[in-house]
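Q: I would like to learn how to read a structure feature by feature. Can we take the elements, the cores and the contacts in turn?

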Amino acid sequence: AANLSDLAASGAVSIDGITVALGAPGTTPWSWVEGVYDGISAALQQHGGTLLGGDCSSGTNRMLSVTALGRLGPLRLLRSAARPGDVLISSGPHGLSRLGLALLQNDPRLQATSLAEVLRAKAIRQHQRPQPRLDVLNRLLGCKPAELPWRAGGTDSSDGLLAAVRGLCNSSGTGARLNRNCLPMAQGWPAGDLWNRWCLDGGEDFELVLSLPPAWADALEQALPGCRRFGQITNHTGSIVWTNDNSPVQDRGFDHFAPG
């Protein structure tokens, strides 16, 4: 699902398939291998594509490496395509996967918070069965105002909402202003610093984060219920601030290349 999300974040409108490289110790139970491929088959049946091939070998650790192949449509989504004046828009809520992990781990920080059962179930489902937003591409392509060129910035939020915005800004040489009151949160999401951080930095939500001309953003809001505009791209390179006081948005999310 994570690899298919990368295709959606690139502008792919169809999936050819995936290759899978599997490495595992010889003592690995066969039931584990079957479980992996049952999950792969279920994802492909839902989202399209076939298992094209791959490789299997022994190793000291269990390791999976997946390559996904798809077909680009008329819009090539790039992190480097954000422009000052664009609207930042999320295809759906953020923080659910992080909440799902906390629930599965019985995180003690949740003991003082009453959560609706529907929110609990949705969060666990989001963590265990992430959904690549391939459907968003069809809505995005179908609602583009005719006078606009095929230019939009985009990425997915596998590393968190703020990391996605920072990726757009760094690649495009721009900055951003985020609205605290418009962060894309699920219905029933509690208030407080912890919950704001999980929305911004939780990761593993796999929503699309788009940088669109205002007219295209307006059209997408009509075409895609559940999407949310939460900020704007600026010409202040590398600066990501809150709209209400211009204070910097602190980044506490996952870093693939952090030391240690």
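A: H2 lies across E1, E2 and E3, and runs at about 175° to E1. The model is a predicted one: local features need pLDDT of at least 70, side-chain atom pairs count only at pLDDT 80 or more, and totals for chains, interfaces and linings use all residues. Residues are numbered from 1 along each chain as its sequence is written, and side-chain values use heavy atoms, with hydrogens and water left out.

Q: What do the labels and the angle stand for?
A: Helices (H or I, at least four residues) and strands (E, at least two) are DSSP runs, numbered from the N terminus. Axes are lines fitted to C-alpha atoms, for helices over the stretch in contact; angles run from 0 to 180 degrees between N-to-C directions.

Q: Which order do the strands of the open sheet have?
A: Two strands pair if DSSP finds at least two bridges between them. Here the open sheet has three strands in the order E2-E1-E3, with mixed pairing. Strand E2 (50-58) and strand E3 (63-72) are the edges, each pairing on one side only. On average, neighbouring strands are turned by 15° against each other, direction ignored.

Q: How many bridges join E1 to E3?
A: Ten bridges join them, and the two strands run antiparallel. For a position to look at, take Ile15, which stands opposite Gly70 in E3.

Q: Which residues have the most contacts inside the largest nonpolar core?
A: First the idea. A nonpolar core is a set of buried Ala, Val, Leu, Ile, Met, Phe, Trp, Tyr and Cys residues joined through side-chain atoms within 4.5 Å. Buried means under 20% relative accessible area, exposed over 50%, partly exposed in between (1.4 Å probe, protein chains only). The largest core here has 32 residues, and Leu210, Leu212, Trp216 and Leu220 have the most contacts inside it. Elements that each supply at least two residues of this core include helix H1 (2-8), strand E1 (12-24), helix H2 (30-47) and helix H8 (214-223). H5 gives the most, with five residues.

Q: What does Leu220 touch?
A: Contact means heavy atoms within 4.5 Å. Leaving out residues up to four places away in sequence, Leu220 touches Ile89, Arg139, Leu140, Cys143, Leu210, Leu212 and Cys227. Apart from this core lies another, of 31 residues, with Leu99, Leu183, Ala186 and Leu200 among them.

Q: Is Arg197 buried or exposed?
A: Read the relative accessible area. Arg197 has 12%, so the residue is buried. Arg197 lies in helix H7 (residues 193-201).

Q: Which side chain does the side chain of Arg197 make a polar contact with?
A: A polar contact is a pair of N or O atoms within 3.5 Å; within protein, one must be able to donate a hydrogen and the other to accept it, and residues adjacent in sequence count only if both atoms are side-chain atoms. The partner is the side chain of Asp201, at 2.5 Å. The side chain of Arg197 also reaches the backbone oxygen of Gln250 at 2.5 Å.

Q: Where is Ser97 found, and what does its side chain reach?
A: Ser97 is in helix H3 (residues 96-104). Its relative accessibility is 1%, so Ser97 counts as buried. The Ser97 side chain reaches the backbone oxygen of Glu204 at 3.4 Å.

Q: How many aromatic pairs does a search of the whole structure find?
A: A pair of aromatic rings is described by the distance of the centres and the angle of the planes. Rings of Phe, Tyr and Trp (its six-membered ring) pair if their centres lie within 6.5 Å; planes under 30 degrees apart count as stacked, over 60 as edge-to-face and the rest as tilted. The search finds three pairs. Trp189 and Trp195 pair edge-to-face, at 5.2 Å centre to centre with 90° between the planes. Trp195 and Trp198 have ring centres 5.3 Å apart and planes at 70°, so this pair is edge-to-face. Ring pairs link Trp189, Trp195 and Trp198 into a cluster.

Q: Why are Trp195 and Trp198 separated by about one helical turn?
A: Because they are three residues apart in helix H7.
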